[in-house]
Number of protein chains: 4
Amino acid sequence: MTLQFAAMAYMHRLKVRYGETDQMGVVHHANHLAYLEEARTEYMAALGVPYGAIEAAGVGLPVRRAELRYLAPAFYEDELEVSVQLERLRSASIRFGYGIQRPADGAELLEGMIELACIDLSTRRPRHLPEDLRAQLEVEAQASS
Amino acid sequence: MTLQFAAMAYMHRLKVRYGETDQMGVVHHANHLAYLEEARTEYMAALGVPYGAIEAAGVGLPVRRAELRYLAPAFYEDELEVSVQLERLRSASIRFGYGIQRPADGAELLEGMIELACIDLSTRRPRHLPEDLRAQLEVEAQASS
Amino acid sequence: MTLQFAAMAYMHRLKVRYGETDQMGVVHHANHLAYLEEARTEYMAALGVPYGAIEAAGVGLPVRRAELRYLAPAFYEDELEVSVQLERLRSASIRFGYGIQRPADGAELLEGMIELACIDLSTRRPRHLPEDLRAQLEVEAQASS
Amino acid sequence: MTLQFAAMAYMHRLKVRYGETDQMGVVHHANHLAYLEEARTEYMAALGVPYGAIEAAGVGLPVRRAELRYLAPAFYEDELEVSVQLERLRSASIRFGYGIQRPADGAELLEGMIELACIDLSTRRPRHLPEDLRAQLEVEAQASS
């Protein structure tokens, strides 16, 4: 079964660190993945299923797919707003959609998606999403559709 | 004008650093972007157009799109082989295709693509690819088609 | 002239990101430098001399010395408190002292110092601290001594 | 018992990655720790005690102290030579001394030391160095004194 929907976005704010820039004077493209990850884990914590607790239960959610479009550069000291929303829920994977905006000038900096697989941490083999995580995400999906 | 072709792949070897792993015991997904970048810049240097020289001439090649599929995890101390090949050449963008393999067991770890825009570093506005870079990439394209 | 003093500490809170951990299950030791940098630049912004404005005026403050003692590990999702205080002010260098604590259990995780040199960004040669920065830091020093 | 000595240095070469630079146009100071770690683990592997095998045996060697002096900046595409040598061996800690040079112009970029503690990975408590690691390091110490 696949649930597909446009959930309301969770918004997360962060500020660009100096070490995240490169010699082009902008945030290096690899660091946006850290921003998306921070937003995603804050979102999951807000839903009552913090990622640390999921791992403590022996379950991992490694990234299996990422698609990113960089629309405009982010600069040092920029305050950024990362939006994250559930895009697709399957029995053994979750897809989140993302945007990064800079509220100061309204610029759209990135849009993208990240798909997570679900694995058993001890065997590293695929498994179904834990029931409580799936239930919580379905509630979220229905609330926002 | 768009050139599309399957160039012969340039192969680059590297070794996973400890700090590139995360608590899941594997290479954190953001670090693969550094591997692709290292392979891409080695490839460009091998073609006679080192990226440092391009920037010294006032031209930047920021990443504008990335698509990555993570097929299997990489581990600390793994020796990895990154293949990079020119996939598409336009007047103001370059697309490279990538694979990451682990020669020790033949595992395919990642496949993906990165698209670079071309900008004037002083204005940060789009511009055409520098003539020498474009010429060199076209030679490469014809040699491998 | 050298001013030496124990300034009141500026406190900065941050939260450990997943990608900052390594396969030992703790924050990789290099990432603490990013935490100290974030706290230091927040402190300077709070003093009215944001680091971005200093660079915009053609002045850089590169790290020239770092001494760190790691007392206990930080974990994923930990909320950390970084204290930073001015330790020594010279005509062309600034030394900050740091601590990292985890409020949840009161653990002391790190103590250290970072010394910044002052350079002209266009020549990369040493120069005196800008007058407004120095004045602001001296006010801070007197207020807290 | 403490052994103190000036071992012959192990030399490791690496090349600066683009993403390791920051907007000052030089390698960000936190990345030097990754260079030292890469050199240290290559050294240990060359001695026949690869760090991965040490961890596989349940032993961790976390960094407990770092002292770094940055003497000159490293730039993108620089080929660097990192020297690492055993400086002090105690029952439950190892201290390595380091230098980073740029062979192209002979510049000394960094000197520093890193001290590793020894822990049991399952309890995270201090323990003595494993016998084979200690024996190998003592052989190295005698060979070079």
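How many bridges join β4(C) to strand β4 of chain D?

**View 1. Pairing of β4(C) with β4(D) in a predicted model.** β4(C) and strand β4 (residues 63-70) of chain D run antiparallel and are joined by five bridges. Two strands pair if DSSP finds at least two bridges between them. Within β4(D), Arg69(D) stands opposite Arg65(C). The model is predicted: local features need pLDDT of at least 70, side-chain atom pairs count only at pLDDT 80 or more, and totals for chains, interfaces and linings use all residues. Residues are numbered from 1 along each chain as its sequence is written, while chains are lettered from A and ligands numbered from 1 in the order in which they are written.

**View 2. The side of chain C that touches chain D.** Here 15 residues of chain C are in contact (C-beta atoms, placed from the backbone, within 7 Å) with 15 residues of chain D. The elements giving two or more residues to this side of chain C are α1 (31-46) and β4 (63-70); helices (H or I, at least four residues) and strands (E, at least two) are DSSP runs, numbered from the N terminus. The largest share, eight residues, comes from β4(C). Of the interface residues of chain C, 100% are also interface residues in chain D, so the copies meet through the same surface.

Notes:
Two residues are in contact if their C-beta atoms, placed from the backbone, lie within 7 Å.
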